[in-house]
Amino acid sequence: FEAMKIALSILIITAIPAISIAAGVRDLELKLEERSVQIKNLEKEIEKYQNEVLKTQSESKTIDSEVKRIDATLAKLQADIKITERRLEFSEISASKIGLEIGETEAAMLGSRSFLADLMRQINEATSQTLAETLLSHSSISDFFDEIENLGDMQESARNHLVKLRESKSELESELAAKEEEKNRYLILKN
């Protein structure tokens, strides 16, 4: 019963930072959606300018058509620059979002570690007593075995949870590295 109280308090403590982190993640998701729409619009604009370039190239080589072709090429290049900037922003926001998610996972891992430490202390206390002391501290033998089984189940559950959190953190760190690499590619294109 004591282990359940500890688990509940740790759950409450780790849930509070997760709520504020979740709000930050949602804000970043909205920014990502906005940048995604901007990128799609710029891609359409680039396609329009590309079509104008092709159209004016096929026209006769007059000064007017050449000016139009140059204007269309310039407009396309400006749109290319804008889309590169939007993709860079998208990568930066994605990296920030992943960073927040990593922080959230680390906070959950810290809570799980604390829970495991408390659980291990309880198991240690339970196993440090003599068999006679342990049996006498419970009202029945079945209560004794129920407590041992509950402690074992809780320990296994906590270990599994910690393993999942570690895997999640590792995946998020890989995603972050990929986004940083993508960001660096766009920075090179921008410069």
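1. Salt bridges number 13, the term meaning a side-chain nitrogen of Lys or Arg within 4 Å of a carboxyl oxygen of Asp or Glu. The model is predicted, so local features need pLDDT of at least 70 and side-chain atom pairs count only at pLDDT 80 or more, while totals for chains, interfaces and linings use all residues. Residues are numbered from 1 along each chain as its sequence is written, and side-chain values use heavy atoms, with hydrogens and water left out.

2. One network of salt bridges links Arg 26, Glu 29, Glu 33, Lys 97 and Glu 101. Within it, Glu 33 and Arg 26 pair at 3.8 Å, N to O. Glu 33 is partly exposed at 45% relative accessibility, and Arg 26 is likewise partly exposed, at 41%. Here buried means under 20% relative accessible area, exposed over 50%, and partly exposed in between (1.4 Å probe, protein chains only).

3. Glu 34 and Arg 35 form a salt bridge at 3.1 Å, N to O. Glu 34 is partly exposed, at 42%, whereas Arg 35 is buried, at 16%.

4. Glu 173 bridges to Lys 169, with the closest N and O atoms 3.8 Å apart. The two lie four residues apart in helix 4 (residues 141–190), and so are separated by about one helical turn.

5. The protein has four helices and zero strands, where helices (H or I, at least four residues) and strands (E, at least two) are DSSP runs numbered from the N terminus. Of its 191 residues, 29% count as buried.
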